[in-house]
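Hello,

Here is the structure I promised to pass on to you. Please open it and keep it beside this message while you read.

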Amino acid sequence: MWNARQQSVSSYLCLPAFKTRDGTMHVGEELLPDDVDPDLTAELDQLTLAKIATDMLDLPTAAKKAFLAFPIHYTTFGDSVARKQCLDLLGKFPSSWRRRLIAEVVGIPSDATTIDVRLVLGSLKPKTLGVLGRFTIEQASFSALREGGLLGVGAELSGWDRGEADLMPLMEEFTEAANQQKLKTYVHGLSSLSLTTAAVCAGFDHVDGEAVSTLVDLPEGIYPLSPEVLYQRLLDGED
């Protein structure tokens, strides 16, 4: 994830991925059907955490100072068994890992109350550095989350199909609503340099997607990344 203001990459999002026989790579929420059963999302959360535990052992030295975010679904916390299984997996991580792990709760309902969010965060915060909340880009109010304890809020745009002109005002409304509650912001799935530029101009603190970086098997550590480098990729035909 690119921090445009600091012009660096210091955090990575750990996503489940699956390659089909024809070579197509499906990542994150693409692995789930539209009307997904909460049991399936809970199982995916557990598999993701188990894979992180394995990969953390193989991290190169340069990557061991980077922050690692991982998705976990809001619905998983509605099932006591699934919740316990995920928290037990997190509890087995060494304390040195927890100082670099950030949980991203996916699918927080737009009408979630402060109490709802606190219950989820209360489970995750002792086992991580902090917790993010992923919403839809149409979310225009975070007033109920002021006291919830979230580090920040974000959205996923990889499935956006209504055109960039419709998206840009929504990005501005999203960041304005978050800023009113003093929440950091991020956005996933930016597929073009124009969208990346729009997201930065709208005020998002962290951005990622194909326009910023391709998928990697393991984090590559903290490194500088300037806007000039991104534009050079466009000129070189990489974007």
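This is a predicted model: local features need pLDDT of at least 70, side-chain atom pairs count only at pLDDT 80 or more; totals for chains, interfaces and linings use all residues.

**Charged pairs**

How many salt bridges does a search of the whole structure find? The search gives three.

Let's begin with the pairs in helices. K51 forms a salt bridge with D55, and their closest N and O atoms are 2.8 Å apart. Both residues belong to helix α1 (residues 38–56), where they are four residues apart, or about one turn of the helix. K51 is partly exposed, because its relative accessibility is 48%. D55, at 18%, counts as buried because the cut-off for buried is under 20%.

K84 and D88 make another salt bridge, again with 2.8 Å between the closest N and O atoms. They sit four residues apart in helix α2 (residues 80–91), so about one helical turn separates them. K84 has 52% relative accessibility and counts as exposed, while D88 is partly exposed at 36%.

The salt bridge between R134 and E104 has an N to O distance of 3.0 Å. R134 is in strand β8 (residues 130–135) and E104 is in strand β7 (residues 101–106), so this pair ties together parts that are 30 residues apart in sequence. R134 is buried at 7% relative accessible area, and E104 is buried at 0%.

**A look at β8**

Is β8 enclosed or open to the outside? Six of its six residues are buried, so β8 is largely enclosed by the rest of the structure.

β7 and β8 pair in the parallel sense over five bridges, with I102 standing opposite G130. Between these strands the chain passes through helix α4 (residues 114–124), and this β-α-β crossover is right-handed. β8 also pairs in the parallel sense with strand β9 (residues 152–156), over four bridges. There, G152 is the bridge partner of L132.

**A buried arginine without a partner**

Now find R100, in the loop between α3 (95–98) and β7. R100 is buried yet has no salt bridge. Which side chain of opposite charge is nearest to R100? It is D55, 12 Å away. Leaving aside residues up to four places away in sequence, R100 touches several residues, including M56, L59, F67 and L68.

**Aromatic rings**

A search of the whole structure finds four aromatic pairs. One of them joins F135 and F142 edge-to-face, at 5.3 Å centre to centre and with 75 degrees between the planes. Both partners are buried: F135 has a relative accessible area of 7%, and F142 has 2%.

F174 and F204 form a stacked pair, 5.8 Å centre to centre with 25 degrees between the planes. This pair links distant parts of the chain, 30 residues apart: F174 is in helix α5 (residues 164–180), and F204 is in the loop between α6 (193–202) and β11 (206–207). F174 is buried at 0% relative accessibility, and F204 is buried at 0% as well. Ring pairs link F135, F142, F174 and F204 into a cluster.

Enjoy exploring!

Methods: Residues are numbered from 1 along each chain as its sequence is written. Side-chain values use heavy atoms; hydrogens and water are left out. A salt bridge is a side-chain nitrogen of Lys or Arg within 4 Å of a carboxyl oxygen of Asp or Glu. Helices (H or I, at least four residues) and strands (E, at least two) are DSSP runs, numbered from the N terminus. Buried means under 20% relative accessible area, exposed over 50%, partly exposed in between (1.4 Å probe, protein chains only). Two strands pair if DSSP finds at least two bridges between them. A crossover is right-handed if, with the strands pointing away from the viewer, the path from the first strand over the helix to the second runs clockwise. Lys and Arg count as positive and Asp and Glu as negative; His and the chain ends are not counted. Contact means heavy atoms within 4.5 Å. Rings of Phe, Tyr and Trp (its six-membered ring) pair if their centres lie within 6.5 Å; planes under 30 degrees apart count as stacked, over 60 as edge-to-face and the rest as tilted.
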